[in-house]
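The following paragraphs are intended to be read beside the displayed model.

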Amino acid sequence: MTKIGLEIHCQLTKLESKLFCGCKADYRNLPTNSNICPVCMGLPGSLPMLNKKAVEKAAMISLALGCKIPEQISFFRKNYFYPDLPKNFQITQYNAYGPTSIGSDGAISIEDKKIRIRRIQLEEDPGRLVYEGSSEKTQVTLVDYNRAGTPLVEIVTEPDFESPRQVRLFLNVIADLAENLGVSDPYLDGAMRVDGNISVGQGNRVEIKNVGSFRDVEKALHFENTRQRSLIQRNISVAAETRHWDEARKITVSARSKEEEQDYRYLPESDIPIIGIPQSKMMELQTQMPESIVTKKERYIKKYGIPPQVADVLSSDKFYSDLFEKAHTEYNAKEVANIITTDLMGVADTREKKLGLKITAVHLSDLADSIISNKITRNSGKIALQEMINTGKTLSDIISSLDLGNVSDASSLEKIIEEVFKEEERAVTEVQQNPDTVNYLVGKVMRKTKGKADPSITLEIIRKKLSI
Ligand SMILES: [Zn+2]
């Protein structure tokens, strides 16, 4: 049996400042080594000052994942030498004397499979190494410390996953959850990074470090699963080691023998006091928690009768569920959900495209109302939506400029239907003998009106005229 556990590093990108100093948490797009100070550079004599908001946001993630939050949290130094770590230790959390990390002992379910959360800890991100070319062939390695000290939440699961696919589903849930809580934008480059550990049967555990995309996590675990199985079949033991995912070759490669926990010589961080989290603070955080994705989904189904699959897709995307909340009324909720999930999501599925959309909540609400009241057909609605996305024009402008108004008044429809009857004499005879084929004629009318005829009124008139 395959067992997989994860360590997910999620940057708290929505914070203003780093974890222990006033430098910007948003280090992206800044000149290299400009977002630094004595604290995040680890200069002698500098002292860390803990970011209160970071503790609160990490606590919210813990609550959302059903973790226990201790009454007191503390920090530890994880010692190791690496050029991106100027202090030669990382300030993190460690449950050496009972649980003092921001969360522990939680669980969430993925497709009825319970995934236990062992621990959630708050820690600082190291700096970033920049290579000339690839990391193996480079002659020069540069260090950019802008990222050093950025607040991270590390989520450590128990080895409860049985397949790489489950892992990917879980990661999507975590990303949605972090986004929904407003603590992180998981789609920023490097905002979520994953280490996976995997073992097969009684074999040793192999760790795969620092994979940047969820798709690659799934591929790397899949590769590793196959590699370990084939070693075991040939009676070769699997070495306990850390491996890297080689994106270009789509394989994992041995990186180094795995450090043991004692190699890090965890020491209590004496520059940061033990911090109490009073019950009153916990209550306050509970009330600030936004509606969870699961509750939101249930509300969409129960209150508006939105089909479960549509509600599922809509509730887990923060951008579109926010748009839905602004656009819908009790009257048009179902139609708004339908337009967003069937038409809009397909057009704008990336962050850039979403942000580039010119459509507003008012546009969307108007469009849904017009479709429900038969002012335009669903088909014309699709054309109007595309035009709104591109131009930001109002629905009434688009209907008149593109002539999308519905042909639903009986007299003009009747005229068109008569024309179709003349052109399709054989089909008319057939429909009279076999009324089930009537949709052919409706289709012809739709084509003649370029999709603007109301299909149900068209059908009604045809039936009446042919007495079927
Ligand atoms: Zn700093």
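The centres of domain 1 and domain 3, taken over C-alpha atoms, are separated by 63 Å. The model is a predicted one, and its chain is divided into domain 1 (residues 2-282), domain 2 (291-402) and domain 3 (410-466).

Strand E10 pairs with strand E1 (residues 2-11), the two running antiparallel and being joined by nine bridges. Within this pairing, His 9 has Arg 193 of E10 as its bridge partner. Strand E10 is also joined to strand E11 (residues 206-211), again in the antiparallel sense, here by four bridges. In that pairing, Gly 196 finds its bridge partner in Ile 208 of E11. Strands E10 and E11 form a hairpin with five residues between the strands, and in this hairpin Gly 201 adopts a positive phi near 55°.

A further sheet may be considered next. It is an open sheet of three strands in the order E4-E3-E14, with antiparallel pairing. Its edge strands are E4 (89-92) and E14 (267-268), each of which pairs on one side only. Strand E3 (residues 76-79) is paired with E14 over two bridges in the antiparallel sense. Opposite Phe 76 in this arrangement stands Pro 268 of E14.

Attention now turns to the helices. Helix H2 spans residues 164-180, and Pro 164 is found in it. Is Pro 164 buried or exposed? Pro 164 is buried, because 20 other C-beta atoms lie within 10 Å, and a residue counts as buried when 20 or more such atoms lie within that distance of its own C-beta atom. Which residues does Pro 164 contact, leaving aside its neighbours within four places in sequence? They are Glu 218, Leu 221, His 222 and Asn 225. Phe 20, by contrast, is 144 residues from Pro 164 in sequence, and the C-alpha atoms of the two residues are 36 Å apart in space.

Helix H15 covers residues 439-448, and its buried residues are Leu 441, Lys 444, Val 445 and Met 446. Just after H15, Lys 450 takes a positive phi of about 55°.

Notes:
Residues numbered from 1 in each chain as written. Predicted model: local features only at pLDDT ≥ 70, side-chain atom pairs only at ≥ 80, totals over all residues. Domains from an automatic or database assignment. Pairing = 2+ DSSP bridges. Buried ≥ 20, exposed ≤ 12 C-beta atoms within 10 Å, placed from the backbone. Contact = placed C-beta atoms within 7 Å.
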